[in-house]
Amino acid sequence: MVNFTDRPELPNILELKGISQSYDGGQTYIIKDLDFLVEDEPEQGQFVVIMGMSGSGKSTILRYLAGLQEPTSGEVFVLGKPVDQSQRISMVFQQYSSLPWMTVLDNVGLALKYQGIPKIERDERAMELINLVGLTGHEHKYAQYPALSGGQLQRVAIARSLIANPRILLMDEPFGALDVRTRLQMQDMLTGIWHQFHSTIIFVTHDIAEAVYLADDIYILKSSPSRFVKHIDVDLPLERNKATKRDPRYMELLYEVEDTMMEVSHLQ
Ligand SMILES: Nc1ncnc2c1ncn2[C@@H]1O[C@H](COP(=O)(O)OP(=O)(O)OP(=O)(O)O)[C@@H](O)[C@H]1O
Ligand SMILES: [Mg+2]
């Protein structure tokens, strides 16, 4: 869909260069010579999905991009610079990551608090997002289980990650704990956000239908050691809706991803 060779001026928004990762002093490598490049699409953003077997290094890659972990060797660039925590990056973790000693409202508004925005204003913006993720009426509860269910806590984390309109949004299986209806609603909400704010979203999922529905590009990782082995260009119309799922091309892509996932599971 996007031919980057025609547009050599595009900046690299995220880049991993020659990444290797060992946890035992170099005896074994879980990631070896991994390269990954996401180029920016001005006025559009990018929706990139990463797939791969459990343990293939998906969460690790997101931690590198968020500046939360340094690889054993290799380089990480965000917007052309070595990654640092000050860049406008938000992350939704695989495990619920809300702050249980704060209310839902305060959790969601936290990023604005750090920006020095007055409470009235940040509560107003936080309420918009709380409504958006379907948690209206829960805003004064503490963000803890079991007062909020697993899926509800995950929605708090999602609202929290969106409030600062991040330039780059890293999402690690964010909808894994949601019921089907909420999950589909959240998928549509996310495509809306992508189109509205032109964010670049890097999204990890095990769900093939979700990957094809959301992605511009799907990258598939092999494990032991991990490396990207396949790029699938999701050449569906940019606007995703119910009709997308009835498009014969959508079905073809589902099979292509499924076949690739099976092939990759045998690669060494
Ligand atoms: N601190 C650590 N010490 C040792 N091994 C680690 C450490 N952190 C990660 N690993 C290993 O790195 C590999 C990749 O882990 P990672 O969490 O990135 O996988 P994943 O692709 O996100 O898997 P899943 O789909 O199950 O979430 C795993 O084999 C894991 O055991
Ligand atoms: Mg993971």
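1. Lys141 counts as partly exposed because it has 15 C-beta neighbours inside 10 Å, where a residue is called buried if 20 or more other C-beta atoms lie within 10 Å of its own, exposed if 12 or fewer, and partly exposed in between, with C-beta atoms placed from the backbone. Lys141 sits in the loop between helix H3 (119-132) and H4; helices (H or I, at least four residues) and strands (E, at least two) are DSSP runs, numbered from the N terminus. Leaving aside neighbours within four places in sequence, Lys141 is in contact with Thr103, Val104, Ala147 and Leu148, contact being defined by C-beta atoms, placed from the backbone, that lie within 7 Å of each other. Its C-alpha atom is separated by 41 Å from that of Val257, which is 116 residues apart from Lys141 along the chain.

2. A word on the basis of these values: this is a predicted model, in which local features need pLDDT of at least 70 and side-chain atom pairs count only at pLDDT 80 or more, while totals for chains, interfaces and linings use all residues. Residues are numbered from 1 along each chain as its sequence is written, and chains are lettered from A and ligands numbered from 1 in the order in which they are written.

3. The loop that holds Lys141, between H3 and H4, also contains Pro146, and a cis peptide bond, with omega about 5 degrees, joins Tyr145 to Pro146. A cis peptide bond also joins Ser224 and Pro225, with omega about -10 degrees, and Pro225 is placed in the loop between strand E9 (217-222) and E10.

4. In helix H2 (residues 104-114), the buried residues are Val104, Leu105, Asp106, Asn107, Val108, Gly109 and Ala111, and the buried residues of this helix pack against H3 and H4. Just after H2 comes Gly116, with a positive phi of about 80 degrees.

5. The protein is divided into domain 1 (1-87 + 195-268) and domain 2 (89-164), with bounds that come from an automatic or database domain assignment. The C-alpha centres of these two domains lie 27 Å apart.

6. The largest nonpolar core has 69 residues, of which Val48, Leu65 and Leu170 touch the most other members; such a core is a set of buried Ala, Val, Leu, Ile, Met, Phe, Trp, Tyr and Cys residues joined through C-beta atoms within 7 Å. Helix H4 (residues 150-162) gives the most to this core, with six residues. Because domain 1 and domain 2 both give residues to the core, it lies between them. Val48, when residues up to four places away in sequence are not counted, touches Val38, Ile201, Ile202, Phe203, Ala215, Asp216, Asp217 and Tyr219.

7. Helix H1 (residues 58-65) has Lys58, Ile61, Leu62, Tyr64 and Leu65 as buried residues. Seen down the helix axis, the buried residues of H1 fall within an arc of 155 degrees, so they line one face of the helix; the arc is that of the directions from the helix axis to the C-beta atoms. H1 is followed by Gly67, whose phi is positive and near 75 degrees.

8. Around ligand 1 are Tyr23, Ile30, Gly52, Ser54, Gly55, Ser56, Gly57, Lys58, Ser59, Thr60 and Gln94, a residue being near a molecule or strand if its C-beta atom, placed from the backbone, lies within 6 Å of it. H1 gives the most to this shell, with three residues. By class, the shell divides into two nonpolar, eight polar and one charged, where Ala, Val, Leu, Ile, Met, Phe, Trp, Tyr, Cys and Pro count as nonpolar, Asp, Glu, Lys and Arg as charged, and the others, Gly among them, as polar.

9. Asp33, in strand E2 (residues 31-39), has a positive phi of about 50 degrees although it is not a glycine, and it counts as partly exposed, with 13 C-beta neighbours inside 10 Å. Asn165, in the loop between H4 and strand E7 (168-172), is a residue other than glycine with a positive phi near 45 degrees, and its 14 C-beta neighbours inside 10 Å make it partly exposed.

10. Asn241 lies in the loop between strand E10 (227-233) and helix H7 (242-245), and counts as exposed because it has 11 C-beta neighbours inside 10 Å. The C-alpha atoms of Asn241 and Lys230, 11 residues apart along the chain, are separated by 26 Å.

Note on methods. Contact = placed C-beta atoms within 7 Å.
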